[in-house]
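Subject: A structure for you to explore

Hello,

Here is the structure I promised to pass on to you. Please open it in your viewer and keep it beside this email while you read.

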Amino acid sequence: MAEARHRKWHVFQTKDELSVAMAKYTAHLSAKFCKEKGLFTVVLSGGGLIDWLCKLLEPPYKDSIEWSKWHVFWVDERVCAYEDPDSNYKLAMDGFLSKVGIPNKNIYAIDKHYAADGNAEHCAALYEECLRNLVKQNILPLCPNGKYPQFDLQLLGMGPDGHMASLFPGHPQINVKDKWVTHITDSPKLPPRRITFTLPVINSASYNLMAVCDDHTEQCPRSIADIFKHNNLALPASHLTAHVETMWYLDKAAASLL
């Protein structure tokens, strides 16, 4: 394991090794928070993440994790119908959530009807309202500064251009501080309409795990080097931190310029 500034990172030779480590990390935190407070709030993203979580569906994790105590959120979502192949909800449900015992009421997707209509602004507002209601219900605590919700674990991915969630280089959403959830209608990565947690919410999590794997573009290792060597703040992923620990899991291709 290496560390630079506030970041820790591991480099893995294969996707399978990364998946094993991600399962161990997630299961450990699940057990920790379920014991300490009786529930576990975990935030998912899109991309290859659901595939990398596959080891949680195998022994010893599938039958030992207290799935009924999980509360699941999305750090960002494409504003489209649930059944659309672009939907992060569909990706997670088909590949992971439908195979474990998480109660449906503990799975917090964007509003089904406004998503199908493509109304990104309203979807963002309703998702933030959902989070605020969960704070009132003592399911989500506020971080120590009292301004933003604090999730236990966020599982994130980075695009080759250095974007995370739906915070993209050169777009204003990275600067939003007065909202918990914002929206974008001109995403440089299709589809264009999305909602996303704002940077202060992302960085208020207790633990953030960023996984970069199976990205065969030449730009990806350059972005990783730009983040780790130069802390290039033009790349949104450079801003990632957490209340307790910020961990990066990289495959050897992503880390090739470190």
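Let's start at W70. Which residues is W70 in contact with, once its neighbours within four places in sequence are left aside? They are T26, S30, F40, V42, L56, I65, F96, I102 and N106. Please keep in mind that this is a predicted model, and that goes for everything below.

W70 also has a place in the largest nonpolar core, which has 88 residues. The residues with the most contacts inside this core are W70 itself together with L44, L56, L97, F197 and W248. Helix α1, residues 15–37, gives the most to the core, with nine residues.

Which strands does β3 pair with? One is β4, which runs parallel to β3 and is joined to it by five bridges. Another is β6, also parallel to β3, with two bridges between them.

Next, please turn to another sheet. Strands of a sheet pair through backbone hydrogen bonds, either parallel or antiparallel. Here three strands form an open sheet in the order β5-β8-β7, and the pairing is antiparallel. The edge strands are β5 (76–78) and β7 (181–184), each of which pairs on one side only. On average, neighbouring strands of this sheet are turned by 20 degrees against each other, direction ignored. Helix α5, residues 120–136, packs on the sheet and touches β7 and β8. The direction of α5 makes about 165 degrees with that of β7.

Strand β8 covers residues 194–197, and three bridges join it to β5. Looking along that pairing, D76 stands opposite T196, and R78 has R194 as its bridge partner. On the β7 side, the pairing with β8 is antiparallel over four bridges. There, the bridge partner of I184 in β8 is R194. The side chains of β8 are worth a look too: R194 and T196 point one way, I195 and F197 point the other way, and all are buried. You have already met F197, one of the residues with the most contacts in the largest nonpolar core.

- P59 and P60 are joined by a cis peptide bond, with omega at about 5 degrees. P60 lies in the loop between α2 (49–52) and β4 (70–74).
- L190 and P191 are also joined by a cis peptide bond, with omega at about -5 degrees. P191 is in the loop between β7 and β8.
- A165 has a positive phi of about 50 degrees although it is not a glycine. A165 is in the loop between β6 (153–157) and β7.
- N231 is a residue other than glycine with a positive phi, near 50 degrees. N231 is in the loop between α7 (219–230) and β10 (245–251).

N231 has a relative accessible area of 22%, which lies between the 20% and 50% cut-offs, so N231 is partly exposed.

Finally, zoom out to the whole chain. The protein chain has seven helices and 10 strands. Its radius of gyration is 17 Å, close to the 18 Å that the globule rule gives for 258 residues, so the chain is as compact as a globular protein of that length. The C-alpha atoms fill a box of roughly 45 × 45 × 40 Å, taken along the principal axes. Of the 258 residues, 56% count as buried. Among contacts between residues at least 6 apart in sequence, 75% join residues at least 24 apart.

Best wishes

Methods. Residues numbered from 1 in each chain as written. Predicted model: local features only at pLDDT ≥ 70, side-chain atom pairs only at ≥ 80, totals over all residues. Heavy atoms only, no water. Pairing = 2+ DSSP bridges. Axes fitted to C-alpha atoms, helices over the stretch in contact; angles between N-to-C directions. Contact = heavy atoms within 4.5 Å. Rg over C-alpha atoms; globule rule 2.2 N^0.38 Å. Buried < 20%, exposed > 50% of the residue type's maximum accessible area, 1.4 Å probe, protein only. Core = buried A, V, L, I, M, F, W, Y, C linked by side-chain atoms within 4.5 Å.
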